[in-house]
Amino acid sequence: MLNLTAFKSPAKKFREVPFWSWNDWLEIPELVRQIGEMDDAGWGGFFMHARGGRETPYLGTEWMACVKACVVEAKKRGMHAWLYDEDKWPSGFGGGAVPKLSPAYREKALRLREHGIPDRPECVKVLGVYSAVKRGGRVLDLKAIPKDKTDAERRKGQTIFYIYQWTAPLEVPRFNGTSYVDTLNPQMTQAFIASTHAKYKRVVGDQFGKTVPGIFTDEPSCMDGPEQRLPAVPWTTGFPTYFKKLNGYTLTPHLPSLFFQVGDWRKIRYDFRRTIQRRFVESYSKPIGEWCERNNLKSTGHYLIEEDFKGQITFSGGGVMPHYEYMQYPGIDHLGWKQIHPTLAKQVASVASQLGKERVLSELYGCSGHRSSFEDRKWLADWHFVHGVNLLNPHLSLYSMRGERKRDYPPNIYYQQPYWKHNRVLSDYIGRIAYALTQGRRVVDVLVLNTIESAWMDSNGYYTTDRIDELDGQFKRVQDILLSDQRDYEIGDEELLLRHGVVRDGALTVGDSSYAVVVLPPLTVLRETTVRLLEEFVANGGSLIAVRPTATYVEGVKDARRVNALLKSSTVVDLSPAPLRNAIDAEIPRSVSVRARGNRRVDDIHVHQRNWSETDLYFFTNCSRTRAQDVAIHLRGPGKLTLWDTRTGARRALPAVERNGYIVFNARLETAGSLLVSRELGKSPAKPSVAAKKGKAQRRLRLSGDWKLRRLDPNALTLDTCRYQFLSTTRWSEELPAWKVQEKLKKNAYGTFGLRYSFEAKSAPRGKCHLVMECPELFVVSINGQWITPLSKENYYRDTYFRMLDITGKIRSGTNVIEMHAPGMHGHRVESCYIIGEFAVTNRANRHFALTTEKKTSTGVDLVKDGYPFYAGSFDFTRTFSLTTKPQSAQIRFGRMNFIHAEVFVNGRKAGAAYWSPLTVDVARHLKRGRNEIRIRLTNSLRNLLGPHHQKTGDQNWTGPAEFVNEKNWTDRYDLHPFGLSGVELVYS
């Protein structure tokens, strides 16, 4: 049974562990201060993540001193200080040290080129030259020719192709002027471990397995995407020898089959991908995992593009699931403000369940933008939890927001955010779910075969083909049918079936997990070992369900008769919901069923079931971001139900009725809502109470009209355009976005330059005002001709690098001009500036803004249009209303959630807060007859202050650095998100 105390106040090991972006010059006192921020906000630890903008030398003396200091501070607080194994990403190049050691350690690829070889000679080793006829996009009559016969073949009208080994040159900026590495070379991996892991061991190794639980490897791949020119496939020196040992024949004569449909191309491609996959696992994943195991560390992290077949084939060799075997805490990467297909999480969770791994990590929230609310983050967290993830790694917490750092794939989830002081409401929730979903074992009795190997035969050195996408879509469609029916499953990978699959007691067992039913999605090919395992499974009473079209190849060789013989003892159905659901229902009864009114199926609710001793645990989540669902939930078998309140940490008995072998209860799952329920076997459920007499009708008091306003933080005006001037000329440029000025000035890096920002004021502000800019000490600054100097470092706005300069009394009615001058671009960046202080900002069509006098009242519907378009902070809305009697029940209900967090105070006492659905706060105990005062404190995010401001299409599902400078999607109009009260009302009786 769950422990109530542990549930209410979950231990730090169950709490979120963010990527802490070490992206500037690091100072130990500031690092220690920021660890305190994380602890106070309810996080369990942090990953010390070298990131873009880093100035402290990577793995140098100062770096290691910072690491050690953070480990010491984490130990004091009972937190966990996790390591990260690279300078940025992808992992393997050791900040540039590894590829410098030897060309053998630098990335390789097998490339195909037509007519000539464009790469530099020192990077090329030709393995074959071929002559062919190209006709209608097809290659005919391909044959190998000597290198000296190419001219003669061209004169005949033949096309010449070159296949060659390419070695990466040492010149790529994102690899610190070096290159990516050859992850198919085991000696490279040992050099990487020596360059990174062993160095950390010397500094903090005494805390391995204690305060330092593990180390993150980030997006390693066997062929780095951005540096590759397609068509290409992964390669390493000596690979033909390794291939022959595994497959029994020589690969070199068959190299054209990897790119063209020539020879026995299906067999060649199948064997090639199987071999590359195994080589990548053995050369990189296995030695790192084994080193971590020996040194009491958890290897965690994720691989590159795990969510679809084409990404896995291109970057993981053939599939990502075999790599997870060698990670103690395997993980995934979930990017963007969207729910990716569950395949992403189900793959890794399946391996963890099968091989007894207690935690599954997800790096999530990256690229979802500053708009992300607590409800947004909960929605994505629940999606991960229900599909098997139980360790959340939020992306990203910035040590510094200076310069381009502030645009590093937001959101920045950290102390700079206005909502940060409320972060614990989400971190406590996440800790409770993570605690609950690490108890016992997951209950799953259906195995869905991973069909990625069928896509190997259509992999031709290009990033994708229609056939690969079709197979990927069919695989996902089978999963969608099961998930929409609350029929849970796990995924079986054929490499892992080879290593860990056996038939035992009529079930197919993979490691620690056993399955009564195996589903084969549409596929083309099976392994010989898989066929034998399924034959044994069926012969011992196992249930095999195949979805058309069925396999016709075994390991790349056509053998429909062998497969058909297997299918005679199985159920074969079309790829359609009813036949597949009925086929599974005929074999095993369902454990869970969720139905809406009229016995209607509910597609958006997914379930995760666990069991220990005499207890079952169920976690339900509503994957819909727009629709609440009232449902009846049926659980097979009797028992006493307990509802665990994940918001408060309390629990209560859940009434239910027994019906036809199921226990049934009604529930409402709000938009992005969830439900955690346990069932104790051998006990009777609480009976539903007799319906009370109909009470008084609810009354509604719409709280519209004017509210009194009180701003709790300085207002802001973002200045993101300016003019520039070189010392050599007196002319100022036209007004341009600051990022464009940065590009212009980079071309004259050593010349003295000036910047001019301007803004309008309808009247001079009466109160305090400051100019906020980054690194003001590098500039000579004036406003309206008056010199101004920065305040002390303790005076900052939002980020410690956003320094304040006092301009109180220096702003005048009309146009105001800020000028700053500096000697060259070294160490300087052109960034937005901010005017902050006691004023309002007029907003004309989200294009033209001017400072003005603040009003004391407002409808509060949208402060963006009512004086605060760039505001980042909290606001109090206050008003009074009268009641003729004291209500028995009463709630404040909000309409649209145009805020991150809303606290409600009634008659001076805090009643509660709203931050995800249902957007209600119970206020009955604080109300009285007669006049009542209500105060609502709304808090927002950095979104309107920092943007991106100028996308024609507004915020989409992805926000990265490019979205701030995308000229193709650019508009001069500012895209600002509403902030205020919408549809707030008192509902009472």
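This is a predicted model: local features need pLDDT of at least 70, side-chain atom pairs count only at pLDDT 80 or more; totals for chains, interfaces and linings use all residues.
Residues are numbered from 1 along each chain as its sequence is written, and side-chain values use heavy atoms, with hydrogens and water left out.

Let's start with the big picture. The protein's secondary structure comes to 22 helices and 59 strands; here helices (H or I, at least four residues) and strands (E, at least two) are DSSP runs, numbered from the N terminus. The protein has a radius of gyration of 31 Å, close to the 30 Å that the globule rule gives for 989 residues, so it is as compact as a globular protein of that length. That radius is taken over C-alpha atoms, and the globule rule is 2.2 Å times the number of residues to the power 0.38. If you box in the C-alpha atoms along the principal axes, you get roughly 85 × 85 × 60 Å. Of the 989 residues, 63% count as buried. Buried means under 20% relative accessible area, exposed means over 50%, and partly exposed is in between (1.4 Å probe, protein chains only).

Now back to K928. At 41% relative accessibility, K928 counts as partly exposed. K928 also belongs to a positive surface patch, together with K708, K886, R909, R925 and R931. To join a patch, a residue needs over 30% relative accessible area and no salt bridge; like charges are joined within 9 Å, and nonpolar side chains (Val, Leu, Ile, Met, Phe, Trp, Tyr) within 5 Å. Lys and Arg count as positive and Asp and Glu as negative, with His and the chain ends not counted. The place of a charge is taken as NZ of Lys, CZ of Arg, CG of Asp or CD of Glu. The accessible areas come from the Shrake-Rupley method with a 1.4 Å probe, and for residues only the protein chains shown count as cover.

From K928, jump to P549: the two are 379 residues apart in sequence and 69 Å apart in space, C-alpha to C-alpha. P549 is in the loop between β23 (543-547) and β24 (553-554), and at 42% relative accessibility P549 counts as partly exposed. Another cis bond runs from G947 to P948, with omega near 15 degrees, and P948 lies in the loop between α22 (943-946) and β59 (985-988).

H115 isn't a glycine, yet its phi is positive, near 75 degrees. Look for H115 in the loop between β4 (108-114) and β5 (124-135); at 42% relative accessibility, H115 counts as partly exposed. N296, also not a glycine, has a positive phi of about 60 degrees. You'll find N296 in the loop between α9 (265-294) and β10 (298-302), and N296 is exposed, with a relative accessible area of 51%.

On to the charged pairs. The structure holds 68 salt bridges, each a side-chain nitrogen of Lys or Arg within 4 Å of a carboxyl oxygen of Asp or Glu. One of them joins the side chains of D376 and R625 (2.5 Å, N to O). This pair links distant parts of the chain, 249 residues apart: D376 is in helix α13 (residues 374-386) and R625 in the loop between β30 (615-622) and β31 (629-636). D376 is buried, with a relative accessible area of 6%.

E743 and K746 also form a salt bridge, with the closest N and O atoms 3.6 Å apart. Being three residues apart in helix α21 (residues 738-746), E743 and K746 are separated by about one helical turn. E743 is partly exposed at 40% relative accessibility, and K746 is partly exposed at 46%. Finally, E404, K406, R407, E774, R829 and E831 are linked in a network of salt bridges.
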